[in-house]
Amino acid sequence: MKKNTNLSGNTPDNYYFLPIASFVFSVAMLFLAGRAVANNAVLRSMFSCQAQGLGGLIPTINVSYQQGTNLSFIQAGEVIKKVWLNDPSQVTMDFDGPVCMQFGPKPNTSTGDCKNSAANVIQLRRIKKLNIPGLPNTSNTLLTVVTEGQGKNKLYTFRVIYGTDNPGYHTLAIFPDPSGQEASCVIRSK
C-alpha cells in the first residue's frame with residue numbers, strides 16, 4: 001500500500017518558489033548589510049608617525065556643516081596639551097576634557113589647567129564663516145596639536161579641509177606606531 005506523502009505546502013509549484021524567495025531575501029540582506037557597512041564606515045585611522053607628518057605628507061581632516069569630525073588620541077594613549085587653529089572663523093572646536101588655556105605674552109605650560117589637561121578627543125565642526133578682521137579668505141586651515149603620552153611630547157599638524165558634503169567618516173583615530181617602526185615613516189634626506 002502506498003502512502004500519500006504529499007503534505008500541504010510541498011507541491012511541485014512551491015519547489016521553484018522557495019529557491020527564488022531565498023535568493024531574493026539573500027540579495028536584499030546583502031544589499032542592506034552593504035549599505036549599513038558603507039554608512040558605518042565612520043572610522044578613519046592612521047599611525048602616530050603618519051599623523052605627525054614624518055612621512056612627508058600633512059594629513060587632512062574634512063569638516064562639514066552636516067556633522068562634526070572627531071580627532072581621537074585615545075588609541076595612542078596620548079593627552080592633548082595644546083591646540084592651535086590658524087583660521088577659527090569657519091570651525092568650532094570642543095574637547096572631551098579640560099585643555100590648557102593660555103593667555104598673555106608669557107604662557108606657562110607647567111601650571112594651572114595646563115598641568116591638568118586631560119582631553120583625548122577634539123571635535124571639529126564647520127560653521128558659517130565669521131567676519132574676523134585681518135583673516136584672509138581660505139579654503140582650508142591648519143590645526144596644530146601638541147600631545148603627551150608615555151613621557152614624550154608629540155607635535156601633530158593637520159590640514160583642515162572645509163567641505164559642504166558629509167566627509168564619509170566621523171572620527172580620525174590616531175594609533176600608536178607599530179613596535180620599532182616609527183623610523184619607517186621618516187623620510188631621510190640624502
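A polar contact here is a pair of N or O atoms within 3.5 Å; within protein, one must be able to donate a hydrogen and the other to accept it, and residues adjacent in sequence count only if both atoms are side-chain atoms. With that in hand, meet R126, whose side chain makes such a contact with the side chain of Y65 at 3.3 Å. You are looking at a predicted model, in which local features need pLDDT of at least 70, side-chain atom pairs count only at pLDDT 80 or more, and totals for chains, interfaces and linings use all residues. Residues are numbered from 1 along each chain as its sequence is written, and side-chain values use heavy atoms, with hydrogens and water left out.

**Around R126**
- R126 sits in strand β6, residues 121-126 (strands are DSSP runs of E, at least two residues, numbered from the N terminus).
- The side chain of R126 also reaches the backbone oxygen of G163, at 3.0 Å.
- Beyond its neighbours within four places in sequence, R126 is in contact with residues including V63, S64, Q90, V91 and Y162 (contact means heavy atoms within 4.5 Å).
- R126 is buried but has no salt bridge, and D87, the nearest side chain of opposite charge, is 8.8 Å away.
- Some terms for that last point: buried means under 20% relative accessible area with a 1.4 Å probe, protein chains only; Lys and Arg count as positive and Asp and Glu as negative, while His and the chain ends are not counted; a salt bridge is a side-chain nitrogen of Lys or Arg within 4 Å of a carboxyl oxygen of Asp or Glu.

**The salt bridge**
- Searching the whole structure turns up one salt bridge.
- It joins the side chains of E78 and K154, at 3.2 Å from N to O.
- The two partners are 76 residues apart: E78 lies in the loop between β3 and β4 (79-85), and K154 in strand β8 (residues 152-162).
- Both E78 and K154 are buried.

**The five-stranded sheet**
- This open sheet has mixed pairing and the order β1-β9-β3-β6-β5 (two strands pair if DSSP finds at least two bridges between them).
- Its edge strands, β1 (43-47) and β5 (91-95), each pair on one side only.
- Strands β3 (residues 69-72) and β9 (residues 171-175) pair in the parallel sense over three bridges, and S72 has A173 in β9 as its bridge partner.

**The four-stranded sheet**
- A second open sheet, also with mixed pairing, runs in the order β2-β8-β7-β4.
- β2 (60-63) and β4 stand at the edges with a single partner strand each, so one side of each has no neighbour in the sheet.
- β7 (residues 140-149) and β8 run antiparallel and are joined by 10 bridges, with V145 opposite Y156 in β8.

Technical notes:
Buried means under 20% relative accessible area, exposed over 50%, partly exposed in between (1.4 Å probe, protein chains only).
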